[in-house]
Amino acid sequence: MTNLPAGRLARARRRANREHDGHGEPGGHSEPGGRGEHGGRGEHGGGPVRLPVPPGLSAPLGCDAVGLPARHGFRTMAHLSRPGCVFADPDWWWWIVPAESDHGLVWPQPARYVPGLYVPATRPRLIHSPEGSSPYTPPIPLYLMACRIADTVPAWSTVPHQGS
């Protein structure tokens, strides 16, 4: 038995398997062979691609990504007071958030939460750099925007975090 919630336990097992197999990045959430969270090929026919954290930015909390369809990109950016790194391709915009920003949250459709930085995208390019030294977009304002776009009520778990 473990004290880890189910989602964190699954991620810990995947991370342990990657380290055992010699795949993945130290401290990261990459998938074996460069495959993303869903283990398959990207929506655009190619495999998932890694969003690069720009040089000079510090990401001590690890990184995950949240994607929204491109049609919601400008609206979302307009409502975020401190967006971090944002990448875009013709179909999706991707925000870098601290690792495990899905803890206690269910990100509503059409948002996509991707542990690590391997996203299903076609040549995403950096379209916004943060003003500070952190690549992160605060996840709660981004989550609230995703709920607004999905026309759903925000909800999160009230189960206390038991640590890792």
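Modeller: The buried residues of helix 3 are L142, Y143, M145, A146, C147 and I149, where buried means under 20% relative accessible area, exposed over 50% and partly exposed in between, with a 1.4 Å probe and protein chains only. This is a predicted model, in which local features need pLDDT of at least 70 and side-chain atom pairs count only at pLDDT 80 or more, while totals for chains, interfaces and linings use all residues. Residues are numbered from 1 along each chain as its sequence is written, and side-chain values use heavy atoms, with hydrogens and water left out.

The cover over the buried residues of helix 3 includes strand 2 (63-69), helix 2 (73-79) and strand 4 (92-98); helices (H or I, at least four residues) and strands (E, at least two) are DSSP runs, numbered from the N terminus. Helix 3 itself spans residues 139-150, and D151, which follows helix 3, has a positive phi, near 55°.

Y143 is buried, at a relative accessible area of 1%, and W107, at 9% relative accessibility, counts as buried too. W107 and Y143 form an edge-to-face aromatic pair, 5.3 Å centre to centre with 85° between the planes; rings of Phe, Tyr and Trp (its six-membered ring) pair if their centres lie within 6.5 Å, and planes under 30 degrees apart count as stacked, over 60 as edge-to-face and the rest as tilted. This pair links distant parts of the chain, with W107 in the loop between strand 4 and strand 5 (112-115) and Y143 in helix 3, 36 residues apart. W107 and Y143 also belong to one aromatic cluster with Y113 and W156.

Methods:
The expected span of a helix is 1.5 Å times one less than its number of residues. Contact means heavy atoms within 4.5 Å.
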